[in-house]
Every structure is written in structure tokens, then in C-alpha cells.
Amino acid sequence: MEILPVASGKGGVGKSVVAVNLAGMLAGMGKQVVLCDFDLGGANLHTLLGVRNNSAGLGNFIYKQVSSVAPLIQETGTPGLSFIAGDCLYPGTPNLDFFTKKKLLKELSLLPGDYALLDLGAGSTYNILDFYLMTRNSILVTTAEITSILNAYSFLKAAVFRFLNAQFAAKSPERQFIQDAIRSNTHGTDFSVLTVVDQLCGRFPESGEKARQELSRLCPQIIVNRGKNGQDLEMARRLRSLVRAKLNVRLDFIGFLPEDSAVPLSVAKRTPLFVSAPDSPFLTALQASAERITVHDYNLNEDLAAGDEDEDGDLERLRNEFTGNAG
């Protein structure tokens, strides 16, 4: 089972719509997919999927009312696609301890199938960041609006610092050094992760360089939603440049989804788009994203050390696809 988290820097960018329909597209390609509502404390993915909220969810596992995740799986009516509901009944569910998170993710990895898509809550709490970082090329959904792009950058910055922090033991001098660097930053200013990593390597050469190598393997996959024209991809290029300059992290743009009037209609009908409008422009573009996802190995990610000889090749490809779909 490949675990594929889907996140967003802010709410309202269409993350859950993307997650639901991406799961449906993968199932339509013959994959066995489990769609999981990981918006703990505010779960409502079932409404987009069109299933009733009358089954046990992740809260039942977290509070040990069931001993494994497997009994939580429910059928959706779509061949190859099953669903695990979230939880919004138990206060504190969003605040999981380390061991509960590890146990939950281990349970998911043991399920039979090809993909477990985790629809995470919006924002950058520790829970969301930890689930997002379970793979090195998880999906981040954004739009081309400047506020959304900046929120995507803020999310990635938080994820990078969380990832860097996790490379060291809880009370290690390296982790303390990172925390001191963050706290000593002048309030209201931005500073480069590269600077912190360089200082870390200077202070702790062996462990710092190892952390730098691990960080270089991160390559989030970005889906730009609600595109209106090819010029929107210029904002994606700016996001890539900012992330490269400040975080030294590569981005892989795998989808540019057009604004589509069929999307809000499907939400209102509580019917996923792959059922209500399978030939819609949104799904045509998302199909290409699903195909790109299938070529990755989300457990090993051995290909992430490759260089960036054609860094903007993916953006040009998406621009051409968008023009073809619009035509």
C-alpha cells in the first residue's frame, strides 16, 4: 500500500474535491484505492463522496474502540474505491501523540491495495505536517491566486523545518540548535532554510551533512487548481523559484486543473465528479495527474536524487495540456 497524503496551505482551494476525484480516477485505472478522511476534528469528506456518515471512523481506532483500521473500511459503490471516515465527535482527536500517529500509519500501510489517499486538513499543525511528510513527494494543492501561492510556500517552509527537526533525536544538540535558530530570527522577517542548514553543518559536520542529504530528497508534487489561462502558470513558476531559493527543495508540478462549472454542481449534489460528469475538463486534466502519480514509488522514492536539467519542463507540459483541453 502506497500512502499518498494530499494537503493545502489554506482552505478553499479545492483540496478535498481533488482528493476524492483523484481517488476515483486511480480506481478507474484498475488500482485498489482507500480514500481516508484525515481532517481529524472536522471530517466531512463523506459528503463529497456521496456516502452516509453512519459508520465508525478513525476516532474509533484512535480511542481504541476498534483494534485495527481494517474494520473501518466501507464500500463506496465505485469498483476499486473504498473509504475510511474521519472523526468530528471526540474532542482532542486532532492532537495525536507520536506513537498513535506511528501506529495509525503502520495500520494503513498493512491494508491490502495499491494506494491510501489521505485527505489532510488545511493548515500546518504538527499532525498535518507529520502526515504530509510520510512520503517525500506528497501532493500539495494550491490555486494561482497570490494568497494561495504564499500560503503554499508557508506550508512548505513549515514542512521543511519539521522534516529537518525530525532528523535528530528529541533532546539532541542539533535539534536544540535548529530551535534556537528559529527563535532568534527577527520577528516578521523571512530567512532561508539554507542559512540554518549551513550553520548546522558548520557546527555538526557529520550529522548536519546527513540531514542536508535527506532534505535534498524532498520533492513535493504540486497540483494547481482552478486555472483560468496559461498565464496562471507564471505564479507556479514563482512558487518554484521561491521554494528553490529559500528552502532548496524541488517541486514537481503534476497537474493544472481548469476552472470548471461542473465542480460546484457535483459538490451541491454530493456526487463525485467522476460519477456525475466523467467527461468534464477538470477530470480530463486530473487524469493526466493520476497517470503521473502511478509512475512514482512513494515508499522508496529512489528517483528523487535526480537533477533539474529541465526544471520548468513540467510547467510547459501542463501549459500545452491546458491549451489542448481548452480547445
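Predicted model: local features only at pLDDT ≥ 70, side-chain atom pairs only at ≥ 80, totals over all residues.
Let me begin with a definition: a residue is buried under 20% relative accessible area, exposed over 50%, and partly exposed in between. With that in hand, take Asp114, which counts as partly exposed because its relative accessibility is 30%.

Which residues does Asp114 touch, leaving aside neighbours within four places in sequence? They are Met1, Glu2, Gly30, Lys31 and Gln32. For a distance across the chain, Leu40 is 74 residues from Asp114 in sequence, and their C-alpha atoms are 23 Å apart.

Now the chain as a whole. There are 327 residues, and 54% of them are buried. The secondary structure comes to 14 helices and 8 strands. Along the principal axes, the C-alpha trace spans about 55 × 50 × 35 Å. The radius of gyration is 20 Å, and a compact globule with 327 residues would have one near 20 Å, so the two agree. Then there are the contacts in the chain with a separation of 6 or more: of these, 78% are between residues 24 or more positions apart.

Is Asn225 buried or exposed? Asn225 has a relative accessible area of 4%, and therefore counts as buried. Asn225 belongs to strand 7, which runs over residues 221-227. Not counting residues up to four places away in sequence, Asn225 touches Val13, Gly14, Val18, Val141, Thr142, Thr143, Ala144, Leu257 and Phe282.

Next, salt bridges. How many salt bridges does the count come to? The count is 15, and I will go through a few of them.

Start with Arg217 and Glu214, whose side chains form a salt bridge at 3.7 Å, N to O. Arg217 has 23% relative accessibility, so Arg217 counts as partly exposed.

The second one is between Arg319 and Glu234, at 3.2 Å, N to O. Arg319 is in helix 14 (residues 313-326) and Glu234 is in helix 10 (residues 233-247), so this pair ties together parts that are 85 residues apart in sequence. The two partners fall into separate classes by accessibility: Arg319 counts as buried because its value is 15%, while Glu234, at 30%, counts as partly exposed.

Arg319 has another partner. The side chains of Glu316 and Arg319 also meet in a salt bridge, at 3.6 Å, N to O. Here both residues lie in helix 14, 3 residues apart, which is about one turn of the helix. Glu316 counts as partly exposed because its relative accessibility is 33%. Through shared partners, salt bridges join Glu234, Arg237, Glu316 and Arg319 into one network.

The last topic is empty space inside the model. Rolling a probe the size of a water molecule over the atoms shows where such space is left.

The largest cavity has a volume of about 70 Å³. Its lining is made of Tyr132, Leu133, Thr135, Arg136, Ser138, Leu156, Ala159, Val160, Leu218, Pro220 and Val249. Sorted by class, that lining has 8 nonpolar, 2 polar and 1 charged residues. Helix 6 (residues 146-165) gives the most to it, with 3 residues.

The second largest cavity has a volume of about 50 Å³. What lines the second largest cavity? The residues are Val17, Val20, Asn21, Leu48, Ser266, Val267, Thr271, Pro272 and Leu273. At least two residues of this lining come from each of helix 1 (15-28) and helix 11 (262-269). Helix 1 has the largest share, at 3 residues. By class, the lining of the second largest cavity has 6 nonpolar residues, 3 polar ones and no charged ones.

Note on methods:
Residues numbered from 1 in each chain as written. Heavy atoms only, no water. Salt bridge = Lys/Arg side-chain N within 4 Å of Asp/Glu carboxyl O. Buried < 20%, exposed > 50% of the residue type's maximum accessible area, 1.4 Å probe, protein only. Helix = DSSP H or I, 4+ residues; strand = E, 2+ residues; numbered from the N terminus. 1 Å grid on protein atoms, 1.4 Å probe; cavity = no way out; pocket = protein on both sides within 12 Å on 5 of 7 lines; lining within 4 Å. Points joined across faces, edges and corners; volume = space filled by probe spheres on them. Nonpolar A, V, L, I, M, F, W, Y, C, P; charged D, E, K, R; others polar. Rg over C-alpha atoms; globule rule 2.2 N^0.38 Å. Contact = heavy atoms within 4.5 Å.
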